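Colleague: I'm new to reading models like this one. Could you put the structure up and walk me through it?

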Amino acid sequence: AEKTVIRLGVQASGTVDWEVAAIQDNPQADFQLEIQRVANAEAGKIALQSGAVDMIVSDWIWVSSLRATGSDFTFYPYSDTSGALVVAENSPIHSIKDLNGKRLGIAGGELDKNWLLLQALAKQEQLDLNASVEKVFGAPPLISEQIKQNRVDAALTYWHFAAKLEAQGYRQIIDGRDILKGLGIQENVPSLGYVFKESWAMSRKQAINSFFKAGKQAKNQLCISDAAWQKIIPLTKADDLPTQTKLRQRYCEGNIEHWGQEQQQAAGRIYTMLHTLSNKQLTGHSDTLQPGTFWSAE
Amino acid sequence: MTDIQININNKTYPTATKPSIANLELSLNSNEFICLVGPSGCGKTTLLNIIAGLDNDYDGEILVGRRHTHPKIGYVFQNPRLLPWRTVRENIELALDRPQPPEVIDALLGAMQLTQAQQVYPERLSLGMSRRVAIIRAFAVDPDVLLMDEPFVSLDAPTARHVRELLLKLWQQRPHTVLFVTHDLREAVALADRLVFLSATPMRAISEIIVPIPRNERNNELAIEAFRQQLLQHHPEIKQLL
Amino acid sequence: MTDIQININNKTYPTATKPSIANLELSLNSNEFICLVGPSGCGKTTLLNIIAGLDNDYDGEILVGRRHTHPKIGYVFQNPRLLPWRTVRENIELALDRPQPPEVIDALLGAMQLTQAQQVYPERLSLGMSRRVAIIRAFAVDPDVLLMDEPFVSLDAPTARHVRELLLKLWQQRPHTVLFVTHDLREAVALADRLVFLSATPMRAISEIIVPIPRNERNNELAIEAFRQQLLQHHPEIKQLL
Amino acid sequence: MWQGFAAYLNSNTLPSPETVANVFWQGCVSGQLPFHLGVTLLRLVVSFTIAMLLGCAIGIVLGRNKKLDAFFDNWLVIFLNVPALVTIILCYVWFGLVESAAILAVVINKLPNVIVTIREGTRALDQDLLDMARCYRFGKRKTLVHVIWPQLHPFVMGATRSGLALIWKIILVVELLGRSNGMGYQLHLFFQLFDVASILAYTIAFVAVIQLIELLVLKPLDKKALRWRR
Amino acid sequence: MWQGFAAYLNSNTLPSPETVANVFWQGCVSGQLPFHLGVTLLRLVVSFTIAMLLGCAIGIVLGRNKKLDAFFDNWLVIFLNVPALVTIILCYVWFGLVESAAILAVVINKLPNVIVTIREGTRALDQDLLDMARCYRFGKRKTLVHVIWPQLHPFVMGATRSGLALIWKIILVVELLGRSNGMGYQLHLFFQLFDVASILAYTIAFVAVIQLIELLVLKPLDKKALRWRR
Ligand SMILES: Nc1ncnc2c1ncn2[C@@H]1O[C@H](COP(=O)(O)OP(=O)(O)OP(=O)(O)O)[C@@H](O)[C@H]1O
Ligand SMILES: Nc1ncnc2c1ncn2[C@@H]1O[C@H](COP(=O)(O)OP(=O)(O)OP(=O)(O)O)[C@@H](O)[C@H]1O
Ligand SMILES: [Mg+2]
Ligand SMILES: [Mg+2]
């Protein structure tokens, strides 16, 4: 029979790329992937909105804000890796409190989720991070460079930049998941997921579900089988073993184990939190997470 | 027979405070050779521009006789106005509306002693040479109306004489109306059928005088000098112009 | 007393095939008024440019007398070369190397009938008016050496006469060396101490003739005409120039 | 026109004018928009001024001096064509994520454009007038002010108009990569959220400012500089 | 100079020339570099051609027609100052992630610059020569080719030189946001990996191509067009 075509927008050098490489080894699947490589997250969003691809990997907050304006995009979890706060190995910084008066590099800007949540966490410890650290915003590669040149004392950056730094001996203070835990959210809430049109997915449920399943299998495979991992190592664009190992470790830690009612409710709570923390800027005007943000027709 | 009737009630440049031409009436007979004489800055160039159709921003009208509704115009501007990025020959050929046999241009170049210079770019000519090119260009288009704004300044005496003769020869071979601006009364008398003397700004015609010297007497210096003297004595109204 | 000694062995423009000036020797006495007469395109402008120091790309030398190592130069170019974005008055004032009392310029403007036009931009002048501005500019700098390249073309006869007189008056008030290019032999005779006749390219001096008419006889038309006739008859070597 | 278009596309990819006006108004009230606009404009003014002054000076020198030009020509082509991204990254990496690095990056990107334009203009200068100035001993300053500059006017205007636009294009990238305020930074945020309404509101604010500059500065300047034309 | 500099900084922020040469060579051998360079150059050529042709045409028309100019002037300022990012996004969203949208985005960004420059040039045309052409009935085509175009030459050269550079700046963003090949896409990947050596290698390749264009096309063109100068 005709295979259902899924046009997938993949960030070059992103982890989805690794999985896709693994999936495509399997000829019996009832879907066929058409890969469109994009340069970065924004390019992915453009590709999705312009209809050039059916599916990309992005975050659910964006999906919710899209739904609030009437489009029917929806989200299926892919990974719960999250950014981290790293410092140099011999740095005197050991906890959030030590950040006081230090220079902090922040990837992604003022509305970065982790930055907002980190501020909330610090507030619980009576520390106004926003006022007490010297903030340096910048693109993630530049932030990595800044910390290497000692121009900042700590870096709050995306997970694979954090992982690469860790592999070079930098120390992780806290990661996104721990920040959430500190704020009272125990569930592992995925940060990234597949984003696609609900209407489009409804008519191809079967194929899509088997794609998700294949994705999960591929991920497991990469984590369990060294042979499978060896194959995709060139895609990581990391030359040294420590970095490769660290990337694999963090990647596998991001595996989704549970995705159910509790996690989705937790997401709702996070949403409300970010809504107030960002002064509506991150989330848009909707006070609550839009119903239907998470794909339920599994 | 009047060929072109010029009535300019008022020509005031947008940036000027007073008119440059006021109530000028002038009729050009067909194939007539007219010399315009007037003080510097009176409005002669302005008039030629209007006749050439380059300036339509005036109050009045130019009536062109039945023969040519759109007379072909040859205009020797007061400065040469050659295209610096085209050679002498290209400058001449570009002005032609239909290709001419090369001999015609060759002959003109020869007569103007520019055969050597035909492939030269204008910036590398002397001013007198550029002027001669501009004259050739005006001759080459075989005009119905030939406008010449002090064409022979910057030419040495022998060349000027030579070019004057050429002009008259061409004019007699293929008659056309000529409007010739000059400050040199001797030159004007030698060339014109009629002299038109113009006042200072605002310009109008003070006096029109027919030159009675027959064409075959025109290179007789004495006859010309005699008529010049006569003008100086018998026309007090143009005294201030001479 | 020789003030400026000109020896130009060879001046060939980079793009030209043959020299424009070859073996030209000319000595200018101090405060002498010299008229240059030569065919169009022979190299007169080239020579003035070299003397003015605008062209150093030649083979030869210009020796300037002890009196002025860097003579101040007034140059009436063959075209007016006014700055179009400066008014008439600004154009004149910009050329002065030290401020002059305004009356000096006022007087010159008045003498040239340009008082009305002093605040006008050059593009809105007639060519003759622009030329007069260029002449004022050269007079106003109070030059040691005055170079004039056909300065009085485009001027009507009365104005030309008037300006000629002004030139002589200024020259007599404050003597300076004048090099004056003209194609008009009558003008040359009326003005010059010495006439220099030049050959066609490559240019050299054919003949140098001192004008014997005393200064107070110079506006006597008959005296001038007589000398002109004499030149035509007794100097066969310059016949082709006249 | 826009409204019809928006209705036709009927999606968040082109919001209706009201939405944009609304966003614009809120941005003004909250002070966000004026703040970021102000920051960007400040950077624009500083880097534009530096680039124009330096660019005109170098352009004139290169245009008048064949030897220097031959020597620097290759460098010019290189600087002209090094991608903005590269200069920006290198500036940031070498000088840190600081204001001066940002300004430097913009200047480096704009400068070669000014130089090239002014150099073309200088090459086309009227030799007759330059000779006149030399003969009447105008000196360097007088020649520059009264002879050269007026002839360069159309080139300077061209460089100014397209320069404002170019700087604006680059400043966005500069702010996006390493500043935490300014229009570029904000646009990037909106872009991440795909908030087209806000993007348009900010764009409109900026364009309005430039229109104002055009109306209050460039147009009168043009008029004054060209008043001598026939 | 570079080497000394690199040694001084002694880090991956400025790799040594050998490293870059090495990367360059590998890129060439693997065919990656020529491929991406080729793709980008193709886009550059197409969009440059369109922008120059249209820009010159519109610039000349606006420069010669006061009324049209007054009408379109505002639009021009707007198009000149809409951020590249905005036009690129809108083009992609409306027309899809197709090649033509990419080209259109580049053209829209470059076009106003050309128009503005050429318009300045057209305003500065010599009226005497235009009058001469009118008097001798040159007609539209002849006037354009023989009278107007040679006078616009310095402006066209300015627009060309800074235009290649501008397009190159924009094309990088265009490719970054919606293409999966070309230099912009590659450079961004290298940036993510902070692979400065590769960034420099690609930059050098591009600059070399432009140098070649300069040497083989622009310089001879310049020479030919200016051979009439004194
Ligand atoms: N573009 C212009 N704008 C304003 N006034 C002008 C313009 N052109 C000429 N004029 C004025 O109009 C008058 C006549 O000028 P025109 O050039 O016609 O004189 P002309 O008779 O040709 O003088 P000349 O013999 O010196 O060439 C002059 O007073 C001049 O100042
Ligand atoms: N820039 C140049 N490049 C090449 N040749 C030139 C250049 N300028 C002048 N010439 C040539 O040098 C010769 C002398 O020119 P010049 O301008 O000195 O003549 P002139 O005596 O002033 O003539 P006119 O009386 O016509 O003004 C001419 O044959 C001319 O073709
Ligand atoms: Mg005139
Ligand atoms: Mg001359």
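**Confidence first**

Modeller: Among the elements of chain A, strand β8 (residues 154–157) of chain A has the highest mean pLDDT, 92, while helix α1 (residues 15–23) of chain A has the lowest, 81. Here pLDDT is the predictor's confidence in each residue, from 0 to 100, and helices (H or I, at least four residues) and strands (E, at least two) are DSSP runs numbered from the N terminus. This is a predicted model, where local features need pLDDT of at least 70, side-chain atom pairs count only at pLDDT 80 or more, and totals for chains, interfaces and linings use all residues. Residues are numbered from 1 along each chain as its sequence is written, chains are lettered from A and ligands numbered from 1 in the order in which they are written, and side-chain values use heavy atoms, with hydrogens and water left out.

Colleague: Which element of chain D has the lowest confidence?

Modeller: Chain D has a mean pLDDT of 84, with 94% of its residues at 70 or more. Its highest element is helix α7 (residues 127–135) of chain D, at 94.

Colleague: How many helices and strands does chain D have?

Modeller: Read from the N terminus, the elements of chain D go α-α-α-α-α-α-α-α-α-α. Their C-alpha atoms sit in a box of roughly 70 × 50 × 30 Å along the principal axes. The count for chain D is 10 helices and 0 strands.

Colleague: Which helix gives the largest share of the nonpolar patch?

Modeller: The patch on the surface is made of D:Val61, D:Leu68, D:Phe71, D:Phe72, D:Trp75 and D:Phe79, with about 580 Å² of accessible area together. Patch residues have over 30% relative accessible area and no salt bridge, with like charges joined within 9 Å and nonpolar side chains (Val, Leu, Ile, Met, Phe, Trp, Tyr) within 5 Å; the areas come from the Shrake-Rupley method with a 1.4 Å probe, and for residues only the protein chains shown count as cover. The largest share, 5 residues, comes from helix α4 (residues 66–81) of chain D.

Colleague: Which residue pairs with B:Glu208 in a salt bridge?

Modeller: A salt bridge is a side-chain nitrogen of Lys or Arg within 4 Å of a carboxyl oxygen of Asp or Glu, and the whole structure has 62 of them over all chains. In this one the closest N and O atoms are 2.4 Å apart. The pair links strand β9 of chain B to strand β8 of chain B, 14 residues apart. The partner is B:Arg194.

Colleague: Is the peptide bond from B:Thr201 to B:Pro202 cis or trans?

Modeller: Most peptide bonds are trans. B:Pro202 is in the loop between β8 (194–198) and β9 (205–210) of chain B. With omega near -15 degrees, the bond from B:Thr201 to B:Pro202 is cis.

Colleague: What is phi of B:Glu150 near?

Modeller: Most residues other than glycine have a negative phi. B:Glu150, in the loop between β6 (145–149) and α5 (157–173) of chain B, has a positive value. Its phi is near 50 degrees.
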